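Here are my notes on this model, as numbered points. Please read them with the coordinates open.

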Amino acid sequence: MANVGMVGAGSWGTALAILLSNNGHDVEVWSIDEKEVADLNRDHEHKAKLPGVKIPEDITFTTDLEHAVTGKDFIVMAVPSVFTRGTAAKMKPYIKEGQIIVNVAKGIEDDTLMTLSEQIEEELPMADVAVLSGPSHAEEVSRGLPTTIVVGAKSKETAEFLQKAFINKVFRVYISSDIEGIELGGSLKNVIALAAGIADGMGYGDNTKAALITRGITEISRLGIAMGGKAETFSGLTGIGDLIVTCASVHSRNRKAGFLMGQGKTMEEAMAEVNMVVEGVYSTKAAVKLGKKYNVSLPIIEEVNKVLFDGKNPQDAVNELMLRSSSSEHASMEWSK
């Protein structure tokens, strides 16, 4: 049994806390929201984020960050991406040398273009930072539906330790050393999911979604490999797997926000209606900057950025994508004659 500190009591943090508790671990969950903590300790249910899901009574919730992260076998960072750096900085006085920290959020910092694990490492250089990602909605994990995911770590020892901590009969865990690829896949798929949602909101069909998913993973892979990620990561669970579930699922907040924009709502109106952090919105600008930095063509991501931040009409964005110069599907294509 491990002592686990869960930093973040949103839907994903709560779902993973339930999973880890059911695996026999001692779990303490931190939230900055005093009312949220009081409600969770009283009701043992996250009525706003995971209604109907019973939270084990041995999980404790606290607003005391020091208590939540001190002396833990590992810490799970499950705060929204925009709060990752700031929360890590607040944790610094309590973090010991070699402390294992698992980041489970997804995103890229707009001004530094750092992934979340890089931000955590910058704020907490003494920590052993790992990531957990893959096609996994909190609504399903919290209910024990079969899910498969990947842990990425710098050492095989840390990866296998976390694999053993999380794995059970309904939650299968693979391990990988490609932290960069895992995080880029998890961040950029949210941008493509916004595009898929916009297409759905405009009334387009399966053909359109299949095209967005397929060409979307091409853009993600192209950029990810240029940045040092491994090709096989983008064809696996944290690449195409996570992209499919985020583009297609009714649970996907990114797809839902896109759907609302496809129906004519502004980005701000869509985010307000989703009422949860839409990570893809925050990753889009960073993705465009990374494309320019590494000289990688990202037509879908660039059009999403224009819809989000330049007020471009979604129909004009679709026309732009469809009427681009014709080309081969694969740049390496060879002809016999």
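1. Glu 160 first. With a relative accessibility of 38%, Glu 160 counts as partly exposed. The classes are: buried, under 20% relative accessible area; exposed, over 50%; partly exposed, in between (1.4 Å probe, protein chains only). Its partner is Lys 156, and the two side chains form a salt bridge at 3.9 Å, N to O. A salt bridge here is a side-chain nitrogen of Lys or Arg within 4 Å of a carboxyl oxygen of Asp or Glu. Lys 156 is exposed, at 59%. Both residues sit in helix H7 (residues 156-166), four residues apart, about one turn of the helix. Helices (H or I, at least four residues) and strands (E, at least two) are DSSP runs, numbered from the N terminus.

2. Basis of the values. This is a predicted model: local features need pLDDT of at least 70, side-chain atom pairs count only at pLDDT 80 or more, and totals for chains, interfaces and linings use all residues. Residues are numbered from 1 along each chain as its sequence is written, and side-chain values use heavy atoms, with hydrogens and water left out.

3. The whole structure holds 19 salt bridges. Side chains of opposite charge can pair when their charged atoms come close. Within it, Arg 42 pairs with Asp 43, and their closest N and O atoms are 2.9 Å apart. Arg 42 is exposed at 55%. Asp 43 is partly exposed at 21%.

4. A salt bridge between buried residues. Asp 242 and Lys 106 form a salt bridge, with the closest N and O atoms 2.7 Å apart. Asp 242 lies in helix H11 (residues 237-248) and Lys 106 in the loop between E5 and H5, so the pair ties together parts that are 136 residues apart in sequence. Asp 242 is buried, with a relative accessible area of 1%. Lys 106 also counts as buried, at 15%.

5. Positive phi values. Most residues other than glycine have a negative phi. Leu 113 has a positive phi, near 60 degrees. Its place is the loop between strand E5 (100-103) and helix H5 (116-123). Is Leu 113 buried or exposed? Leu 113 is buried, at 17% relative accessibility. Asn 295 also has a positive phi, about 55 degrees. The loop that holds Asn 295 runs between helix H14 (279-293) and helix H15 (299-309). Asn 295 is exposed, at 73%.

6. A nonpolar surface patch. Val 82, Phe 83 and Tyr 282 form it, with about 280 Å² of accessible area together. Patches are made of residues with over 30% relative accessible area and no salt bridge: like charges are joined within 9 Å, nonpolar side chains (Val, Leu, Ile, Met, Phe, Trp, Tyr) within 5 Å. Accessible areas come from the Shrake-Rupley method with a 1.4 Å probe; for residues, only the protein chains shown count as cover. Tyr 282 belongs to helix H14 and is partly exposed, at 34%.

7. His 25. This residue lies in the loop between helix H1 (11-22) and strand E2 (26-30). His 25 is buried, at 11%. Its side chain reaches the backbone nitrogen of Ala 2 at 3.1 Å. Leaving out residues up to four places away in sequence, His 25 touches Met 1, Ala 2, Val 4, Leu 20 and Ala 165. Contact means heavy atoms within 4.5 Å.

Note on methods
Polar contact = N/O pair within 3.5 Å; in protein donor to acceptor, adjacent residues only side chain to side chain.
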